[in-house]
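Please keep the sequence and the structure in view while reading.

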Amino acid sequence: MKEKRCAVNQYNVDSFLSDLEKMHITLSREQTEQFLTYYELLVEWNSFMNLTSITEYQDVMKKHFVDSLSLHTIMDLHQPLSVIDVGTGAGFPGLALKIAFPELKVTLLDSLNKRVTFLNTVIEKLGLSGIKAVHGRAEDYVKQGNVREQFDLCVSRAVSNLATLSEYCMPYVKVGGKFIPYKSEKIHEEIAEAGKAITILGGQMTELIEFHLPDSDLYRCFPVIEKKKETPKKYPRKAGLPTKEPIK
């Protein structure tokens, strides 16, 4: 039996596509279909497991999908960059980035196996290649295989202070690559407090980009941290320490 796919004309995608146009992103009909299928799977799975508190169609399109893709406003994503999304949750931003920019090679890392099962279901349903979802904690997965300092870009929408998040994420970034967390609040004080940690971990914050999502008052902030030298092998520290005792 052929599986039913959602149709673009079942949804009003005008606002979504208009928002993306303002960020210089153009989707094919197939990519638009993929986002709508992703939305439907998100709502379906959210009915029996906690993926997101945001479920209304227009809210998901703006606060999850447009937000995830806003990274394109500060860097060209139409290239085969290796990307890891640490603490990806329901796939934001990494899975959304992969749909819009198929050239990316994406690893989605999450500590909850049920979420990884959801992500693999979406990946399969959408027929995506060059992307994988991995079950693991950030401080453990970096020690497995050949992933330490192997990625051009690390992204994260995880809710942690910048010093803690940097310790989890910077070890994945190759020298010359970037770590760009998605922040949704004014973080100037947080950035100042994370300065020593970023330096110790081999990074340097080169830009702080602040803006609002198209046609909204939703604030977004991108601290751009470039990897200047290798991260000392002792980082990240064992589970819990980066959160309880951030580098100062």
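## Salt bridges

A salt bridge is counted here when a side-chain nitrogen of Lys or Arg lies within 4 Å of a carboxyl oxygen of Asp or Glu. Glu-190 and Lys-183 form such a bridge, with their closest N and O atoms 2.9 Å apart. Both Glu-190 and Lys-183 are buried. The model under discussion is a predicted one, and a search of the whole structure finds 11 salt bridges in it.

A further bridge joins the side chains of Lys-62 and Asp-19, at 2.8 Å from N to O. Because Lys-62 belongs to helix α3 and Asp-19 to helix α1 (residues 14-22), this pair ties together parts that are 43 residues apart in sequence. Buried is taken as under 20% relative accessible area; Lys-62, at 16% relative accessibility, therefore counts as buried, and Asp-19, at 5%, counts as buried too.

## A charged network

The side chains of Arg-157 and Asp-67 also meet in a salt bridge, at 2.5 Å from N to O. This pair links distant parts of the chain, 90 residues apart: Arg-157 is in the loop between β4 (151-156) and α7, while Asp-67 is in helix α3. Asp-67 has 3% relative accessibility and so counts as buried. Through salt bridges that share partners, Asp-67, Arg-157 and Arg-220 are joined into one network.

## The largest pocket

Where is empty space left among the atoms? Rolling a probe the size of a water molecule over the atoms shows this. The largest pocket has a volume of about 990 Å³. It is lined by 36 residues, of which Gly-87, Phe-92, Arg-157, Ala-158 and Val-159 are the closest to its centre.

Which elements give two or more residues to the lining of the largest pocket? They are α3 (57-69), β2 (105-110), α6 (138-141), α7 (162-169) and β7 (219-227). Helix α3 gives the most, with 3 residues. By residue class, the lining of the largest pocket divides into 15 nonpolar, 11 polar and 10 charged residues.

## Nonpolar cores

In soluble globular proteins, nonpolar side chains tend to be buried together. In this model, the largest nonpolar core has 56 residues. Those with the most contacts inside this core are Phe-35, Tyr-38, Phe-65, Leu-69, Leu-71, Leu-95 and Phe-118. Helix α2 (residues 29-46) gives the most to the core, with 7 residues.

What does Phe-35 touch, once its neighbours within four places in sequence are left aside? Phe-35 is in contact with Phe-16, Leu-27, Phe-65, Leu-69, Ala-96, Ile-99 and Ala-100. A second, separate core consists of 30 residues, including Val-134, Val-142, Ala-197 and Cys-221.

## Backbone geometry

Most residues other than glycine have a negative phi, and most peptide bonds are trans. Two cis peptide bonds are described here. The bond from Phe-92 to Pro-93 is cis, with omega near 10°, and Pro-93 is found in the loop between β1 (82-86) and α4 (94-100).

His-24 is not a glycine, yet has a positive phi of about 60°. This residue is placed in the loop between α1 and α2 and counts as exposed, at 67% relative accessibility. Asp-215, also a residue other than glycine, has a positive phi near 50°. Asp-215 lies in the loop between β6 (203-212) and β7 and is exposed, with a relative accessible area of 63%.

## An exposed loop lysine

Is Lys-143 buried or exposed? With a relative accessible area of 59%, Lys-143 is exposed. Lys-143 lies in the loop between α6 and β4. The C-alpha atoms of Lys-143 and Pro-171 are separated by 9.8 Å, and these two residues are 28 residues apart along the chain.

Definitions and conventions:
Residues numbered from 1 in each chain as written. Predicted model: local features only at pLDDT ≥ 70, side-chain atom pairs only at ≥ 80, totals over all residues. Heavy atoms only, no water. 1 Å grid on protein atoms, 1.4 Å probe; cavity = no way out; pocket = protein on both sides within 12 Å on 5 of 7 lines; lining within 4 Å. Points joined across faces, edges and corners; volume = space filled by probe spheres on them. Helix = DSSP H or I, 4+ residues; strand = E, 2+ residues; numbered from the N terminus. Nonpolar A, V, L, I, M, F, W, Y, C, P; charged D, E, K, R; others polar. Core = buried A, V, L, I, M, F, W, Y, C linked by side-chain atoms within 4.5 Å. Buried < 20%, exposed > 50% of the residue type's maximum accessible area, 1.4 Å probe, protein only. Contact = heavy atoms within 4.5 Å.
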